[in-house]
Amino acid sequence: MRFEDLEVWKRSCRLSIEIYKALNNCKDFSFKDQITRSSLSVPSNIAEGFERNSDKDSVKFFYYAKGSCGDLRTQIYIGIEIGVISKQIGLK
């Protein structure tokens, strides 16, 4: 099995792509940078954890991915409230 076969990795990649597309015209570059980096961290950490040679290392990176999910959800909520992300997109 490869990490590319994991449904969680596929879904997190699609989410990251959607965020990049949704914020393509965002002029708040600081916010855009932070939220896109958080979204990119999720599938990246899943992939890195999967590729590690020990269960302990793998679990550590899966927890990093989980933490990035919390960052991302927070940034989406804030983005909705400040009008950078529409509710329709953010609460999908």
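What percentage of the 92 residues of the protein count as buried?

1. Of the 92 residues, 34% count as buried, where buried means under 20% relative accessible area, exposed means over 50% and partly exposed lies in between, computed with a 1.4 Å probe on protein chains only. This is a predicted model, in which local features need pLDDT of at least 70 and side-chain atom pairs count only at pLDDT 80 or more, while totals for chains, interfaces and linings use all residues. Residues are numbered from 1 along each chain as its sequence is written, and side-chain values use heavy atoms, with hydrogens and water left out.

2. The secondary structure comes to 4 helices and 0 strands, with helices (H or I, at least four residues) and strands (E, at least two) taken as DSSP runs and numbered from the N terminus. Along the principal axes, the C-alpha atoms fill a box of roughly 45 × 20 × 20 Å.

3. Helix H2 covers residues 29–51, and its 23 residues reach 32 Å from the first C-alpha to the last, close to the 33 Å expected at 1.5 Å a residue, the expected span being 1.5 Å times one less than the number of residues.

4. Contact here means heavy atoms within 4.5 Å.

5. The axes of H1 and H2 come within 9 Å and cross at roughly 165 degrees, the axes being lines fitted to C-alpha atoms over the stretch in contact, with angles running from 0 to 180 degrees between N-to-C directions. H1 and H2 are therefore roughly antiparallel to each other, a term that applies to angles over 145 degrees. Among the residues that make the contact are Trp9, Cys13 and Tyr20 of H1 and Leu40, Pro43 and Ala47 of H2.

6. Ser68 is found in helix H3 and is buried, with a relative accessible area of 9%. Leaving aside its neighbours within four places in sequence, Ser68 is in contact with Ser38, Ser41, Val42 and Asn45.

7. Tyr77 also lies in helix H3 (residues 55–81), but at 48% relative accessibility Tyr77 counts as partly exposed. The C-alpha atoms of Tyr77 and Arg52, 25 residues apart along the chain, are separated by 32 Å.

Conventions
Parallel < 35°, antiparallel > 145°, perpendicular 65-115°, else oblique.
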